[in-house]
Amino acid sequence: MITRFGGSMRRRLALFASLAMALICVVVNSFVLYALYNATVEYKRVEVVDYALHVVHMIKRNRLPDRISSGMDGVQVVDASGRVIAAGEHLTGAPRISHLSPHANSVNHVDVICDVPALPDGCQMLAVFRVYQPEGDWLVYVSDATVPWYVTPQVPLFLFGLSAGLVALTWLGVSRVVARTLAPVDRIRAKLAEVSATRSGMRVPVPETDDEIRDLALTANQTLDRLEEAAEQQRRFASDASHDLRSPITAMRAQVEEAMLHPHDADWPQTGEALLASLDRLQAIVSDLLTLAKLDAGEPPRLEPVDLGELVTAETRRPRAHRVVVTVQPGVVVTGDRLRLARLLTNLLDNADRHAECTVIVTVRKDGQALLEVLDDGAGIAPDKREMVFNRFTRLDASRSRDAGGTGLGLPIAREIAAAHHGTLTIEDSETGARFVLRLPLRET
């Protein structure tokens with residue numbers, strides 16, 4: 001099985017590397033072929049133009065023969081009346097091959113013409129020169145076959161052979177390197193398979209060598225530790241969530257069944273109000289669970305400047321069961337998601353409002369960071385249980401236990417929001433009640 005794993009990985013990596021090399025070869029060969037084609041076309045153009053100038057030179061020296069010997073596919077000289085007075089071997093007795101002429105302000109022109117019956121099949125590069133004569137302008141036509149995209153058959157064959165050799169060397173080289181690299185990794189993989197199968201908390205043995213394999217083993221053991229902790233936390237969370245979701249559902253079912261036993265005697269408006277209260281609690285739990293799911297998924301906040309003083313002032317205007325005293329230092333601005341920070345503040349205020357005796361004190365100030373404090377005058381939280389309240393669905397003693405208004409998720413949500421803003425949310429010492437302190441980085445001006 002180890003061999004199959006290593007062989008499969010080796011083949012995949014070798015295949016990926018070979019495909020990458022093949023893609024590189026295609027790109028490089030395309031550039032090479034394009035550059036070679038352009039150079040050859042330019043050479044062909046210069047060759048045609050040079051021979052046309054040679055014919056012009058013969059005209060000017062009155063040495064133009066009726067039949068011109070050349071290596072070009074087509075040569076013609078047309079006098080001012082349009083009569084062909086000289087031609088190459090391939091165009092002897094042929095009609096005029098083109099009526100193309102240079103522009104009025106030019107003595108020559110080069111173009112590509114196709115489908116000329118007197119010339120070989122395919123397109124031709126044609127150079128036409130105007131020669132000034134006493135009786136009128138003569139035209140010299142010289143043409144030769146255009147350059148194909150592959151230039152010559154030997155060029156693509158050479159490039160293909162070179163590319164095939166590079167791809168083969170890449171396959172062999174990567175296969176050998178990966179085979180040597182994966183040998184110790186395969187051994188660790190086999191041990192990991194045994195550990196996951198036994199579920200006994202076993203860990204991968206750490207080799208004494210100080211290399212990447214040792215780092216891999218250490219990382220694997222750390223990952224197993226985190227997975228075991230996360231699995232246990234998930235089991236506890238699922239158990240608590242199912243209990244908290246079951247409670248309002250069970251209450252609603254009992255209320256409906258009781259009313260259905262005596263439908264004529266039941267107080268249906270009162271039953272409806274009770275059902276709505278249970279539905280509100282169920283909706284609050286589901287909403288908090290969805291919020292936690294989004295935060296766990298790492299959904300990035302929408303960053304904007306947020307004045308904590310203005311945010312606190314706006315959120316504390318809502319009527320609450322207890323008096324809220326606000327002390328705000330102006331200019332405490334952070335960078336964050338206004339809606340999420342408002343949710344954090346609301347959760348802290350709701351928690352303080354549920355456990356306060358008379359007053360909730362909210363303070364915003366600067367202390368190297370942005371500080372937001374929410375203090376209630378309730379029973380407080382023991383120091384050894386302060387971190388527990390940030391666990392999901394945590395239940396403390398009766399003095400701080402969740403009442404009907406809480407879901408047990410408000411404080412965990414608040415801490416997750418603080419962490420998403422690179423801040424902290426802790427419970428610190430106070431003379432009375434619980435003092436929640438939020439610290440966030442100040443916005444750079």
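Here is a short tour of the model, stop by stop.

**Before you click**

You're looking at a predicted model, where local features need pLDDT of at least 70, side-chain atom pairs count only at pLDDT 80 or more, and totals for chains, interfaces and linings use all residues. Numbering starts from 1 along each chain as its sequence is written, and side-chain values use heavy atoms, with hydrogens and water left out.

**The whole chain**

Start with the cartoon view: the chain has seven helices and 13 strands. These are DSSP runs numbered from the N terminus, with helices being H or I of at least four residues and strands being E of at least two. Now switch to the surface. Of the 445 residues, 36% are buried. Here buried means under 20% relative accessible area, exposed means over 50%, and partly exposed is in between. As for contacts (heavy atoms within 4.5 Å), take those with a separation of 6 or more: residues 24 or more positions apart account for 61% of them.

**Stop 1: a greasy patch**

Select Leu13, Leu15, Phe16, Leu19, Trp171 and Leu172, which together make a nonpolar surface patch of about 570 Å². Patch members have over 30% relative accessible area and no salt bridge; like charges are joined within 9 Å, and nonpolar side chains (Val, Leu, Ile, Met, Phe, Trp, Tyr) within 5 Å. A salt bridge, in turn, is a side-chain nitrogen of Lys or Arg within 4 Å of a carboxyl oxygen of Asp or Glu. α1 gives the most, with four. Zoom in on Leu15, in helix α1: its relative accessible area is 39%, so it counts as partly exposed.

**Stop 2: two aromatic pairs**

The structure holds two aromatic pairs. Rings of Phe, Tyr and Trp (its six-membered ring) pair if their centres lie within 6.5 Å; planes under 30 degrees apart count as stacked, over 60 as edge-to-face and the rest as tilted.

Show Trp149 and Tyr150 for one of them: an edge-to-face pair, 5.3 Å centre to centre with 90° between the planes. Trp149 is exposed, at 59% relative accessible area, while Tyr150 is partly exposed at 29%.

Then jump to Phe390 and Phe436, also an edge-to-face pair, with 6.2 Å centre to centre and 85° between the planes. This pair links distant parts of the chain, 46 residues apart: Phe390 is in the loop between β11 (370-376) and α7 (410-420), and Phe436 is in strand β13 (residues 435-440). Phe390 is buried at 7% relative accessibility, and Phe436 is buried at 2%.

**Stop 3**

Asn62 is exposed, at 70% relative accessibility.

Finish at Asp115, in the loop between β4 (108-114) and β5 (123-133). Asp115 is not a glycine either, yet has a positive phi of about 60°. With a relative accessible area of 72%, Asp115 is exposed.

Methods
Accessible areas come from the Shrake-Rupley method with a 1.4 Å probe; for residues, only the protein chains shown count as cover. Buried means under 20% relative accessible area, exposed over 50%, partly exposed in between (1.4 Å probe, protein chains only).
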